[in-house]
Amino acid sequence: MLGELIPVVLRVNGDDYEVGVKPVETLLDVLREKLGLTGTPMMCDEGECGSCTVLIDGKPVLSCMTLAVECEGKDILTIEGLADPATGELHPLQRTFVERSGMQCGICTPGMILTAKALIDGNPDPTEDDVREALAGNLCRCGNYPRIAECVLAAAELMKGG
Amino acid sequence: MVGPKVEYIIPKTIEEACSLALKHKGEAKFFAGGTDLLVQIKHQEVLPKYIINIRGIPGYDYIIHNERDGLRIGAFATAQSIAVSPLIREKFNLLAQAAGKLGSLQIRQMATIAGNLCNAAPSAETATPLLVLGARAKIVGADGERTVPIEDFFTGVRRTVLKPDEILVELQVPDLPPHSGGVYLRQTVRKALDLAIVGVSTVVTMDGDVLNDVRIALAAIAPTPVRARGAEEILRGKKITGGLLQEAGQRAVGECTRADSIRASAEYRRTIIKVLVVRAIEQAVEQARAV
């Protein structure tokens, strides 16, 4: 058994992937290296920055701190799975981030958007304080926080209307 | 990430986990939330041959309360579940405050309270509330179970009383007497994703204007989280005054053994200890008077 690959089925963005993973292999590594889903960026790789946030069963978690082997049977959503799969239409959060310059260098954006999605799904009418609190674990080295908060609030408005 | 050769084991029960750890003594690590252990593995500070994932063992993430036993928290309750628990917020709010400061939302949803304690960082958020609340840790090992006061749990930086085959399975927190209040305060550079430069927990029980009982614990200022007994003695049984508070705060500074570190100079840390102890007692007294 020692060092052998463990077969797992990962459900990512609604698709099932059969992969062999090492016991100490993070979800982030498997997403990027084995599934080719590079929309989830690797930044600090030690749970300090929030860039690699994905949603597991609707909750924001750090994929760099999650063992892939633990993810079997769970619903994983990455940034690639956020737009409508049939029409390609962007999610309201993606739209407002584009329209209102929610991204500068873009590295923190997937994590910001997914963390914000979990917030709005649980609290459709967040205040700016709610947004800042929810996104406190996502660092933006460009310092674009005011616009990011504005984009999230705008997306929440759009989602209420839709 | 470096992929050391590791065998991954998922035991079905705590007892099975203990006997596996005994069998692979010195080569196995228990894995729960993983937010500390994975960083240590990535930095190659620990290189276990066996990872025993105990988080999947069902039935250990409860938060329950009854009149006889007080509060009981299962080992794998997450920091977030403690931070938002209406029960803990109502009766033991300082513990909810501290758990809510740990890491970030993402980290809190993964990190377990047992992991926070067993990792035994000097700055561990949940340690000082449990110290002042007089909590006990229920521990199960290959030879059976025992209960240890949290006060005796920490033995050094990242060291605890746990033997290699032992698992912290439950925290037991007795109810506070009437007219009690408690707070957790910390000083950090950032509001999130940061470790405390100083953390302070206090619990006070009032009899009119007199501090019937007072407990103070400090984090990040010594190898382990510690009670500030000297400061407590100054205040216990006394009528509260500004001068007395300053004297107690100054005495608490004496508990600090940390030299300059990456987070703060020793001088700054000592200054902050006094400020936070005084502030925490004032706020706890205010709370106690309100109930």
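Chain B and chain A meet in a contact that takes 24 residues from chain B and 26 residues from chain A. Two residues count as in contact if their C-beta atoms, placed from the backbone, lie within 7 Å. On the side of chain B that touches chain A, strand S1 (7–9), helix H2 (37–42) and helix H6 (105–110) of chain B each give two or more residues. H6(B) provides the largest share, five residues. Helices (H or I, at least four residues) and strands (E, at least two) are DSSP runs, numbered from the N terminus. By class, this side of chain B has 13 nonpolar, seven polar and four charged residues. Here Ala, Val, Leu, Ile, Met, Phe, Trp, Tyr, Cys and Pro count as nonpolar, Asp, Glu, Lys and Arg as charged, and the others, Gly among them, as polar.

The model is predicted: local features need pLDDT of at least 70, side-chain atom pairs count only at pLDDT 80 or more, and totals for chains, interfaces and linings use all residues. Residues are numbered from 1 along each chain as its sequence is written, while chains are lettered from A and ligands numbered from 1 in the order in which they are written.

Now take chain B by itself. Its domain assignment gives domain 1 (7–53), domain 2 (63–173) and domain 3 (180–290). Such bounds come from an automatic or database domain assignment. The centres of domain 1 and domain 2 of chain B, taken over C-alpha atoms, are 19 Å apart. Their contact takes 14 residues from domain 1 and 18 residues from domain 2. Helix H1 (residues 14–23) of chain B gives the largest share of the domain 1 side, six residues.

Further along chain B, look at helix H10 (residues 242–253) and helix H11 (residues 266–290). Their axes come within 8 Å and cross at roughly 135°. That makes H10(B) oblique to H11(B). Axes are lines fitted to C-alpha atoms, for helices over the stretch in contact, and angles run from 0 to 180 degrees between N-to-C directions. Angles under 35 degrees count as roughly parallel, over 145 as roughly antiparallel, 65 to 115 as roughly perpendicular and the rest as oblique. Residues in this contact include B:Leu245 and B:Ala248 of H10(B) and B:Ile273 and B:Val277 of H11(B). The contact residues divide into eight nonpolar, three polar and two charged.

Chain A is divided into domain 1 (6–81) and domain 2 (92–161). Their C-alpha centres lie 21 Å apart. The contact takes 16 residues from domain 1 of chain A and 13 residues from domain 2 of chain A.
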